[in-house]
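Biologist: Before we discuss anything, could you put the sequence and the structure up, so that we can go through the backbone and the packing together?

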Amino acid sequence: MSDTKHKQAAKAFSDKWQGKEGYEKGETQQFWNDLLGDVFGIERLSDYIEFEKRITLANGAKGFIDGYIPSVPVLIEQKGRHVDIRKAEKQSDGAMLDPHAQAKRYVQWLPRSQKPKYIIVCNFDEFLIYDEENPVAEPQSVKLRDLEKEIYLLDMLIDPESRHQQKEAEISVQAGNAVGKIYDMLLKQYKDPTNPDTLRSLNMLCVRLVFCLYAEDSGIFGHLQFGKYLSKYDAEDARDALIKLFEVLNTPENERNVYLKSDLKAFPYVNGGLFADNKIEIPNFTDDLLKFIVDDVSAGIDWSDISPTIFGAVFESTLNPETRRSGGMHYTSVKNIHKVIDPLFLDELNAEYIDIIDSKKQVSKRIEALEAFKDKLSGLTFLDPACGSGNFLTESYLSLRKLENKAIAEIIKDTYDNMIPMADTVTGSQIKVDISQFYGIEINDFAVSVAKTALWIAEHQMLEQTRRIVHQDRNFLPLTSYANIVEGNALRIDWIDIVPKNRLNYIMGNPPFVGYSLQSKEQKEDILSVYVDEKGKPYKTAGKIDYVSAWYFKAAQLMQNTDIRTAFVSTNSITQGEQVAAVWKPLYERFRVHIDYAHRTFIWDSEASLKAHVHCVIVGFSISENKSDKRLFDNDTEKTVKNISPYLIDSETIFIESRKKPICKVPEMILGNIPRDGGFLSDYDKEKYESIILLYPNAKYLFKRLLGSVELIHNKERYCLWLKDKSPKEYNKIPPILEAIKGVKEFRENSPRTATQKLAEYPMLFAEIRQVGSHYLAFPEVSSQNRKYIPIAYLSPEIICTNKLFMLPNAGLYHFAILNSNVHMAWVKTVSGRLKSDFNYSNIVVYNNFPWCDPTPEQKAKIEQTAQGILDARALYPDCSLADLYDETTMPPELRKAHKANDKAVMQAYGFKQDMTESEIVAELMKMYQKLTEGAGK
């Protein structure tokens with residue numbers, strides 16, 4: 001939120017609440033929710049502020065804190081309007097206490113980890129802000145009427161970490177855009193901008209420039225030292241100046257030329273391999289480029305607050321977008337990284353730290369526990385086998401170092417508060433967590449360089465935090481050379497060669513998102529080389545699974561006989577449709593994996609300039625026993641469950657595999673007719689159709705209405721030439737039809753598929769004809785997930801279906817009702833595949849495996865009645881398409897009411913309670929499926 005909007009929101013809040021009664025018991029929560037939500041932009045208020053926080057007092061009595069914000073933390077003592085919040089009042093025990101002193105009574109009973117940094121006393125007209133870390137200071141006062149101009153004084157209400165992250169993100173994106181512009185300007189100066197070696201040089205040059213820009217703002221170099229150095233040169237000499245600078249940065253001070261100019265001599269030795277390659281190609285500069293780097297980027301951006309986690313995302317945006325897409329790379333926001341690492345390891349570590357802090361141990365014992373905790377942190381080892389620019393590794397390193405810094409601060413505090421000699425605290429302020437604990441594999445050489453640089457920046461930032469805690473100078477340079485980020489194809493490398501198996505604790509990351517139909521030849525070969533059985537032969541389904549699946553398989557292989565735990569971000573397709581059994585069944589049956597936690601489908605976001613709008617899941621899994629709760633996240637809500645199946649639902653682990661016939665006694669669902677004709681028989685819109693029959697009236701009997709998913713749902717007119725059982729005499733004198741037949745013949749003859757070539761002998765017919773001879777129920781193969789029900793409809797046999805529709809002949813009202821019910825839709829949402837985010841229905845997986853209920857005659861009659869109710873409600877709107885009728889915003893009330901009645905009747909027939917959730921419905925359906933398949937064939 002911009003400062004202007006922030007102030008406008010503060011004024012609106014002030015205007016609203018100045019006219020309120022200010023009743024303590026009735027309006028406190030709304031007051032603070034409005035302030036935090038409307039003015040400060042907090043979205044999930046119930047997770048952010050806790051009202052009426054219960055505490056246990058000395059005598060066992062219960063007390064209640066009016067408001068508590070744990071992330072800061074802030075304690076709120078709220079009084080009614082007209083109460084003097086500076087005046088002491090007599091308490092029940094006879095003590096005279098002002099509201100601040102009343103709040104302090106509560107503080108002493110809070111655990112150490114929850115003690116507030118600030119106490120805010122408020123009476124709706126005024127806020128008094130007490131800094132508990134500076135108890136002698138007078139409280140700051142903010143009047144409600146002055147809130148617009150003094151809102152900044154309440155900034156402590158926002159988690160300082162979140163505010164800092166927001167600032168980091170803004171600066172990182174700004175810096176990323178700037179480097180993208182530098183990249184484009186430099187690229188134009190190269191002699192051969194398409195040469196791979198040129199692009200590699202440009203990528204490395206950008207990484208070096210970024211490091212220098214960060215270094216001059218963060219204290220590694222002198223303030224603006226890099227920009228001032230370049231400003232001494234004109235564009236013609238800038239290239240030579242950079243070459244000399246890079247050579248100096250790679251040379252130890254004691255090995256430099258004694259006659260080196262003072263401006264170069266002032267730069268420190270960097271090492272770490274960042275400036276070691278003197279063969280990279282550096283082009284000539286232009287005046288505009290030099291001016292942009294010096295004035296706009298060096299002087300104009302404060303690089304010290306750049307987020308090293310977001311660093312990779314924004315600088316990867318300098319790569320060619322096509323390169324990024326083909327590699328399947330999508331970059332993770334900090335929020336999404338924590339969806340992976342928090343339940344994987346960080347939540348447990350945070351809880352362990354809080355337990356130590358809040359323990360009643362003697363001071364010396366608590367210090368020992370904190371030192372042991374630091375040892376534990378330094379003993380953890382992480383691998384990201386598709387690390388990209390190092391986002392996961394960097395954020396994990398930062399998270400561990402922040403915890404370590406907290407432990408260091410507590411050790412020092414305990415040491416000085418209790419006058420313990422520092423030598424008695426074992427290692428005191430020693431930093432033990434190191435970037436050498438973090439391993440990565442990445443196929444792109446530029447990303448490898450970025451990942452190393454991001455970790456170096458993270459190391460420097462955390463070193464600065466430690467320095468502020470211990471008040472000691474710490475050397476950052478020279479950088480340490482290490483080989484923990486390895487360039488290579490992770491699916492062709494043995495991960496044990498990168499990090500020893502007995503040292504590894506966690507595998508994590510965001511492997512490439514490439515669907516099986518979009519994989520290159522090399523990527524398909526990668527999967528087939530990984531997804532192999534005990535005999536080394538690829539699993540039959542290995543050719544039809546997403547690229548990310550290979551990382552799951554390699555992780556499961558490595559985790560055998562270890563306590564290693566893994567979590568990956570993935571496209572949601574591996575938890576839907578046929579891929580579930582194809583991907584997960586070998587992992588369960590061969591490696592005995594189990595899912596520890598999961599985030600169900602959510603929309604991906606990132607800080608990259610080209611955001612990846614992808615539907616993702618996160619799956620945390622392991623092989624060894626995990627005694628922690630199984631956690632299932634859905635739209636940021638968390639539920640503890642007994643078991644998480646590979647469909648990411650709370651149910652037993654059951655695999656739904658393709659089946660040739662329905663599992664229950666219901667009509668068979670048939671795929672529609674396949675033209676495979678190049679459009680010559682099947683692609684006639686209304687205008688083209690009418691133009692032909694206008695000239696050739698007899699041709700009318702050779703055309704039929706043709707429907708696929710789109711035409712059925714949106715009521716679009718489309719026609720096809722249907723020459724089955726037609727005599728050549730009926731069309732051999734109609735030129736447009738003969739031309740169409742000729743077009744089909746040529747199209748099929750030129751096909752690379754032998755089977756299609758053979759079909760050229762029958763160019764007047766669809767490739768595969770399955771049309772039924774009676775009325776049938778048409779079911780779309782693809783339909784939007786935004787509809788509550790998949791639109792289906794009865795059609796005449798004269799209407800031809802393409803293979804984008806399924807046909808259900810002999811379907812009665814009972815079948816119509818079940819397929820139109822919330823029960824069937826719950827099954828679809830879990831078992832169906834997806835095309836992007838849309839449902840991709842399958843007869844052999846979804847329909848044939850669906851467990852139908854066994855209703856009583858009365859229940860079936862009721863269901864048929866509600867089915868007719870749906871059809872009757874549709875008939876009230878003959879001018880509307882199914883898309884119009886099933887739009888969730890505009891669905892007619894009669895139709896919605898009819899569907900609700902149908903849902904109720906179907907639920908009763910299944911024996912389900914009306915208030916069951918979708919997940920509970922699916923869990924019951926899975927049990928029914930399991931009973932139906934016991935001993936049954938496919």
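Biologist: In what order do the strands of the open three-stranded sheet with antiparallel pairing run?

Modeller: This is a predicted model, in which local features need pLDDT of at least 70 and side-chain atom pairs count only at pLDDT 80 or more, while totals for chains, interfaces and linings use all residues. Residues are numbered from 1 along each chain as its sequence is written, and side-chain values use heavy atoms, with hydrogens and water left out. Strands here are DSSP E runs of at least two residues, numbered from the N terminus, and two of them pair if DSSP finds at least two bridges between them. On that basis the open sheet, with its antiparallel pairing, has the order β23-β28-β27.

Biologist: Which strands stand at the edges of that sheet, and why is one side of each left without a neighbour?

Modeller: Strands of a sheet pair through backbone hydrogen bonds, either parallel or antiparallel. Each edge strand has a single partner strand, so one side of it has no neighbour in the sheet, and these edge strands are β23 (782–783) and β27 (833–835).

Biologist: Which residue of β28 is the bridge partner of L835?

Modeller: β27 pairs with β28, residues 838–840, in the antiparallel sense and over three bridges. Within β28, the partner that bridges to L835 is D838.

Biologist: Which residues touch the most other members of the largest nonpolar core?

Modeller: A nonpolar core is a set of buried Ala, Val, Leu, Ile, Met, Phe, Trp, Tyr and Cys residues joined through side-chain atoms within 4.5 Å, where buried means under 20% relative accessible area, with a 1.4 Å probe and protein chains only. The largest such core has 120 residues, and the members touching the most others are W584 and Y841.

Biologist: What does Y841 touch, leaving out residues up to four places away in sequence?

Modeller: Contact means heavy atoms within 4.5 Å. By that criterion the partners of Y841 include M669, F779, I790, F806, H824 and Y847.

Biologist: Is the peptide bond from V72 to P73 cis or trans?

Modeller: P73 is found in the loop between β2 (62–69) and β3 (74–78). With omega near -5 degrees, the bond from V72 to P73 is cis.

Definitions and conventions:
Buried means under 20% relative accessible area, exposed over 50%, partly exposed in between (1.4 Å probe, protein chains only). Helices (H or I, at least four residues) and strands (E, at least two) are DSSP runs, numbered from the N terminus.
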